[in-house]
Amino acid sequence: MDARVPAAVGERVNNPWTKWLQNRRGFAPDLERVAIARINVGDEGRALLDHGLRSGRRGATVRTPDLSRLALGPIVAGMILLFLVRFLRVFCAAVLALAAVRPLSAQDSGPDATEESVPEEAPLVNPEDGLPEMDPAEADAEAARQFAAEMDDDAYRQIQVLAEAIQMIRQNYVDEGKVSYERLIESALEGMFAGLDPHSQYMHRRLFEQMSKSQTNTYNGVGISISFKGGSLRIVAVREEGSAARAGVLPGDEIIRIGETLTEKLSLEESTQLLSGNPGETLSVVLRRPATGELLEKEMVREVLQETTVKDVMLLEGDGNGDAKIGYCRLLQFNEPTARELSNALDDLEVKGMRALVLDLRNNPGGLLSSAVDVCAEFVPPNTTVVTTEGRIPSQNPPPYKTRVAHGRVREYPMAILVDASSASASEVVSGALQDLHRAIIVGVTTFGKGSVQSIIPMGLGTGAAMRLTTAKYYTPSHKVIHGVGVTPNLIATLTPKEEEQLALWRDRATLDEEDTRKLDGFTDRQLERAVDALRAVLVFEKIRATPEPEDAP
């Protein structure tokens with residue numbers, strides 16, 4: 001090779017690509033003062049930089065390619081691609097971090113007992129209470145730090161798997177009408193929430209609108225509430241004024257088929273849609289009664305139902321001397337007017353001389369948490385903690401739910417609460433709180449065990465959809481967990497399957513025909529009797545305690 005004369009030390013290289021290389025990490029900081037030499041290698045191209053350049057030694061002889069001849073197109077394209085990939089990762093992290101700190105709009109406390117035309121449970125948070133105040137900037141920063149700590153490359157790989165699956169389905173599925181992006185994403189979201197627990201749910205626009213209207217005391221349907229328990233779709237509650245009660249449907253019945261569709265693989269949302277309909281339409285279902293194992297086919301007519309939540313307000317028969325006047329009333333559910341209706345009923349009973357109360361929460365699937373707190377306020381002093389909620393992030397837990405002043409006074413007479421396996425959610429909040437506070441005797445069997453908080457979070461982006469996500473659990477005043485455990489009664493009292501059927505008929509006694517009326521012959525509500533016996537014992541004890549001791553004779 002015929003080497004040429006080296007260029008002068010410190011000579012500047014005007015090639016822009018070389019200037020860019022001068023600023024890259026790993027090259028000598030005094031590159032411009034390094035001796036630049038060209039060597040003639042014929043048609044084989046230019047030699048690469050030698051060890052002298054990489055070591056950064058001043059005055060070292062280096063060999064450099066003719067950078068002006070390099071093809072810059074592929075290199076620039078690679079740089080742009082690298083920039084886009086990094087930008088996408090930062091963008092995804094920012095979006096998910098914002099979603100993680102989005103405020104919860106509502107919380108609900110129903111058993112996931114969903115009405116056939118609308119979800120049974122709507123948000124169960126007192127709008128006046130809200131969530132604990134927290135500086136938005138601090139909340140965003142905290143959530144972003146947690147998100148950044150948890151995110152890794154595996155998250156991006158899993159998201160890529162989902163994206164590739166959607167694209168493969170769109171390209172290859174036989175029915176093109178079923179592979180729109182909206183339909184595939186909604187199906188993916190439904191499966192995502194179904195894999196969490198039976199109470200979490202993706203709600204599309206129509207279902208979300210129905211849920212928002214479900215807290216009035218008017219609705220369309222046959223009068224049943226449903227939920228998943230033990231892997232089967234079960235009827236949690238039956239409203240006696242609905243056509244389901246008139247058809248002989250009982251709480252605890254399993255729904256095997258709705259119309260021509262088996263419920264084995266249906267989600268709660270799909271079951272709700274099949275049960276819903278317009279007033280006047282016929283609904284056919286096949287039920288399995290666990291107590292007897294028999295299959296029953298029932299036909300009902302959807303109708304507009306309007307009812308109060310407080311039923312059967314009355315004084316029970318006394319013990320013969322008129323002293324043990326024990327009142328009775330039954331709550332069907334907890335919605336906005338429940339506390340006010342209960343207060344009016346108690347006022348009427350007190351005017352009649354009531355000295356003790358039996359509050360019947362059997363077959364009550366729950367409702368609004370604020371209503372449950374207001375019901376407790378009728379029987380305990382103001383500012384008493386009745387329930388707390390705890391989630392994964394302690395700083396986001398709302399303050400304890402405390403009672404407010406209930407019409408200026410607190411009712412202090414003895415009371416018993418009747419519960420059964422269909423008493424759920426808000427019913428468990430009331431019974432668990434009054435039991436912990438030593439304010440009521442709980443009689444019956446262990447309750448349903450639904451004590452988790454579902455937050456209703458709108459999805460945004462103009463979709464009108466929302467997510468119903470389990471975010472916390474309820475705890476009684478003594479910090480007993482309700483979810484999955486239920487409330488254990490102080491006095492256990494059970495009913496046979498036949499007695500449960502007779503109890504359902506008794507609740508609807510005003511509309512029974514002669515044949516059904518005969519079925520009530522000899523019926524005795526043994527759970528109610530047990531509660532009355534306990535209250536009579538308490539009244540006797542209070543009477544003895546109030547009797548002054550005789551003075552000693554002189």
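Which residues of strand E12 (residues 295-301) make up its covered face, and which its uncovered one? The covered face has Leu296, Lys298 and Met300, while Leu295, Glu297, Glu299 and Val301 are on the uncovered face. Strands (E, at least two residues) and helices (H or I, at least four) are DSSP runs, numbered from the N terminus.

The model is predicted: local features need pLDDT of at least 70, side-chain atom pairs count only at pLDDT 80 or more, and totals for chains, interfaces and linings use all residues. Residues are numbered from 1 along each chain as its sequence is written, and side-chain values use heavy atoms, with hydrogens and water left out.

E12 runs antiparallel to strand E11 (residues 282-288), joined to it by seven bridges; two strands pair if DSSP finds at least two bridges between them. Val286 has Glu297 of E12 as its bridge partner. Six residues lie between the strands of this hairpin, where Gly293 takes a positive phi near 80°.

A nonpolar core is a set of buried (under 20% relative accessible area, 1.4 Å probe, protein chains only) Ala, Val, Leu, Ile, Met, Phe, Trp, Tyr and Cys residues joined through side-chain atoms within 4.5 Å. Two such cores are listed here.

| Core | Size | Residues |
|---|---|---|
| Largest | 38 residues | most contacts inside it: Leu342, Leu357, Ile417, Val430 and Leu434 |

Leaving aside neighbours within four places in sequence, Leu342 is in contact (heavy atoms within 4.5 Å) with Val310, Cys329, Leu331, Leu359, Val375 and Phe379.

Technical notes: Buried < 20%, exposed > 50% of the residue type's maximum accessible area, 1.4 Å probe, protein only.
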